[in-house]
Each structure stands twice: as C-alpha cells, then as structure tokens.
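Here is a short briefing on one protein chain. Keep the structure open while you read.

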Amino acid sequence: MATPGATCAISSALARPPALLDYAAIHACLLRGDARRSLPLLALLLLLHFRLLAAAASARFTPAVSRLAARLRLSPSMAAVTLLALGNGAPDAFASAAALGGPRGMPRAGLAAVLSAGAFVSAFVVGAVALVAAPFAVPPPSFARDVFFYLLAASALFYVYLSAEIFLWQAVGFVLFYAFFVGLVFYMDLGSADGKKAVSAAAADLEMVSGSDRVAVDLPITVEDHRQQRRPAWCALLWKVTEVWEWPIALVLKLTIPSTLPSEWSKVYISANIGLCPLLILYSFSSFIPLDTRIVFLLPQVRFPLWSVVLFASLCLALSHYLLEKEAPETETIASTIISFIMSVFWISTTAGELLSCLAAVGAIMDFPPAILGMTVLAWGNSVGDLVADVALARAGQPTIAVAGCFAGPMFNMLVGLGTALVVQTARVYPGAFVLEFHVGIVVAFVFLLLSLMGTLLVVTWARFRVPRFWGYCLMGMYILFTVVSIAIASYSG
C-alpha cells in the first residue's frame, strides 16, 4: 500500500532541497487524513504552483534567455545548447547524479528518471511546442545535428545498458561527447552564413530592446493574453481562479528576480534583490551544504549558522545600496541579466520540486503504488520546468530555440548529469566495471525515446524542415501510449 512515505522516497531520489510545505503532514495532521478535504486543497496548491511556474517562465526566464543570448551574440542553437540546456537541465542533472550515487543511491531510479524525462520532453514537450507555434521552420543543419546527436547518445547508452556494465572510460566518454557537441554547435554556427546571420539578428534584437524597453518583457504577456481567448471554457475558468494569486506572485518575483530593464529600475526592489537572492541561492544548495552549518564569523570564539551569516552580509549590502544609490543605470548590465537568469532558474526548479512533492502526496492519498508514482510523477516533476519554459519561448516567438532546447536539455541531463554520476561510480570500482541493474521498463523507455527521435527527424525532414501541427498530436498520443505501457509494466513487475 502506498503511504505518505512514498513522497519522501521520491523526493530523496530527486535530491532536491526540502519541500517548503510538507504536503503529507497537511493531509495527515492538519486535515486529519480526510481525503475529501485534502484533495481539493492540494488541487488548489497544484494550480498555484502551475501559475507560479508560468509567471516565472514567461515574465522572467524567457526575457532573460533572449536578452542574455543577444548580449552574448548567440545564435538560437548556441543559446539552446548552453543557456537553455543549463537552465532547464542543471537542477535535474544534480538530482540524477545524487539519485545514482548518493548515500541512499537508487541507480535504477536515477536512470529511469533521466529516460522518462527525456521521453516526456522529446515527445510531449515537442508536441506542445508544435501545437502552440506550428507550422514553423527549423534550420536544417542545426535541427538534423541536434536530433542525430541525441539519437546517437541514447543509442550508445542503450548499448552500454544492455551489456549490463559500464567502465570508467565509457562514462568519461559520455561527458566528453556533450563537450564535443557544444564545440561543434559553436563551430557550425560561427562558421556558416546562416549562423552569422543569426548572430547579427541577435545583436540587432539587443539594440531594438535597448531602444524599446517594453519589448522583451511585454511580448510573452501580450501573446499569452491573445491566446487566452482560444482556451476551452473549463481551462479559462481554472485560469481565472488562479488570477487571485496574480499580484502576490508578481510581487514575489519582483522581490527575488532583478529586472534587466533600466526603465523598470526601482531602488526598493533592487535592494530587496540584493538582500534575498544570496539566501535563496544558498537554499538551493541545501542538499549539499546544510543551512545550519556552523562557521566562524567576526567573533573568533563564536560559530554562527551559515544562513545567518549570508543573511547578515546580504542585508548590509542591501541597506548600503538603498542609502547610496540614487539614480537608475543608463543601460542594462550583463551582471543583472545573469542574476535574473539564475534566479528565474531557481524559481522554476523550486516550484517544479514543490509541484512534484504535491503530486506525490496526491498519489499517496489515492493509494497509487510507489512504482507507478516513480514512473509518472518523477518524470513529470523533473520535466515540468522544461515544458513551461519551452512553451513560453514558443509563445514569445522563439520556437526555434524552444525546439533546440527540447533536445539539448535532455541530452545535457543524460550525458552530463547521468554521465558525471557514472564517472563517480566507475571510478570507485576502477579498474572493474560498475554493474547496471536490468529492468524491462527501462528497455521500453529506451525504445520509445529512440522511436520518437527517429520519427521526429523523419517527419520534419519529410515536411522540408517545417514542424507540422499534426505531428504534435502524434507525439502526444505516442507519449500517452508509452505512459500506459510503463504503468502496466511497473504495476506487474514492481
């Protein structure tokens, strides 16, 4: 029987920071285990998490990626394999590494999470982007390169998995393969005429945004308002319910994510950013560095908790900025854009973790087996940030970056996140091999991932490198079929 302990097991497998709310305790203690009251409350909290995810992605993450790519003069492909892959994939890469090699390591859970999340992104997220923005063209060389390299990486990992063991040189090869892929992307984009045009267009976009501060931030919101008329009635009703949280969510984001636009400069908000951002970043690393770690600060004989030292230093800097800073900067700075990008990633990752914990609590209340929770909640919770961020980019008129990120992000998770964990594990048993546990569900995930990648490559090539809308429906249908099969396997095999 599934219990609230299943929530803890899944969260530990993810190795995320502790959830802000204990949803199992809310059900068991606050509501005395009454599912009729717990489920509606958890449903409202799920809507709140989705609303916060949408706001962080559309109003903060998308402008930060666009402006940072323009500032660094990156083409869409270069931005996808660096900024978008790092933003979407870094939290999941750390989670996968911890799941595979932590003190309570769960090798099968770590590998299954990477494959299930990759299947979700390559099928469901690509399908969602296609439904939002299709039909749209993709650059033939970069699209074929991204899908082919992901297909090659997945095939190599599948071969290693079927051999039931992996050596150190193979694990190192996975990490180096992604480094080679990034280098190839930069070489192709900087050396080709289309890549140079994309870089020039990025620079032109930066100049346009600098001249009109409203473009970068207002574009996703304007598109969102335009598309809202097309939502079904029930979806529009749910969205209106969540609009009650619009002002508090906007306030929280302004207090913790600095705006990159000089016209939106506020001494109060910037001071709040300086005071709060360091503490939030420290919280994001609490799985590796406990917040209550004692360190010596100012007084040689007294040890203070790490969080109190960081809070004291950041508040002093915030107060100094509020008292000394008088005027807004004339132009945006690269530092503020980078911080905005990092904090947007923090909120997307943290909210996705809260969403995951809430979904796990709902599954435990409804008595779903832990195997099914791991196959569904684990993959969705790991990838909901990718879904929201990529769809927001597509709605903001950047479907090329979104599609490229759908392949670069999961490949980053597989080669860098899982690859780094495998390097650590194989180094421990060197010169021997690290044994991989066989499970039919992982084989099914490999097969579906390879089929979805080959299908996307063939269909888009057949459509003359345009993403057709019908393929979005096909990919979503394929993922639903994969989910049903995976749940059936998890139910009978455990």
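R464 counts as exposed, because its relative accessibility is 74% and the cut-off for exposed is over 50%. The model is predicted. R464 sits in the loop between α17 (440-462) and β6 (466-467).

- R464 is not a glycine, yet its phi is positive, near 60°.
- F465 is in the loop between α17 and β6.
- F465 also has a positive phi, about 60°, and F465 is not a glycine either.
- Most residues other than glycine have a negative phi.

**A cis peptide bond**

- Which two residues does a cis peptide bond join?
- The cis bond links Y430 and P431, with omega at about 5°.
- P431 belongs to the loop between α16 (399-429) and β5 (434-435).
- Most peptide bonds are trans.

- Look for L46 in helix α3, which covers residues 35-71.
- Is L46 buried or exposed?
- L46 counts as buried, because its relative accessibility is 15% and the cut-off for buried is under 20%.
- Leaving aside residues up to four places away in sequence, L46 touches L355, C358 and L359.
- L46 and S357 are 311 residues apart in sequence.
- In space, the C-alpha atoms of L46 and S357 are 10.0 Å apart.

**The nonpolar core**

- How many residues does the largest nonpolar core have?
- The largest nonpolar core has 108 residues.
- F143, Y178 and M414 have the most contacts inside this core.
- Helix α5 (residues 107-133) supplies the largest share of the core, with 14 residues.

**The chain as a whole**

- The chain contains 18 helices and six strands.
- The chain has 494 residues, and 51% of them count as buried.
- Take the contacts in the chain with a separation of 6 or more: 82% of them are between residues 24 or more positions apart.
- The L46 and L355 contact is one to find in the structure.

How values were computed: Residues are numbered from 1 along each chain as its sequence is written. This is a predicted model: local features need pLDDT of at least 70, side-chain atom pairs count only at pLDDT 80 or more; totals for chains, interfaces and linings use all residues. Side-chain values use heavy atoms; hydrogens and water are left out. A nonpolar core is a set of buried Ala, Val, Leu, Ile, Met, Phe, Trp, Tyr and Cys residues joined through side-chain atoms within 4.5 Å. Buried means under 20% relative accessible area, exposed over 50%, partly exposed in between (1.4 Å probe, protein chains only). Helices (H or I, at least four residues) and strands (E, at least two) are DSSP runs, numbered from the N terminus. Contact means heavy atoms within 4.5 Å.
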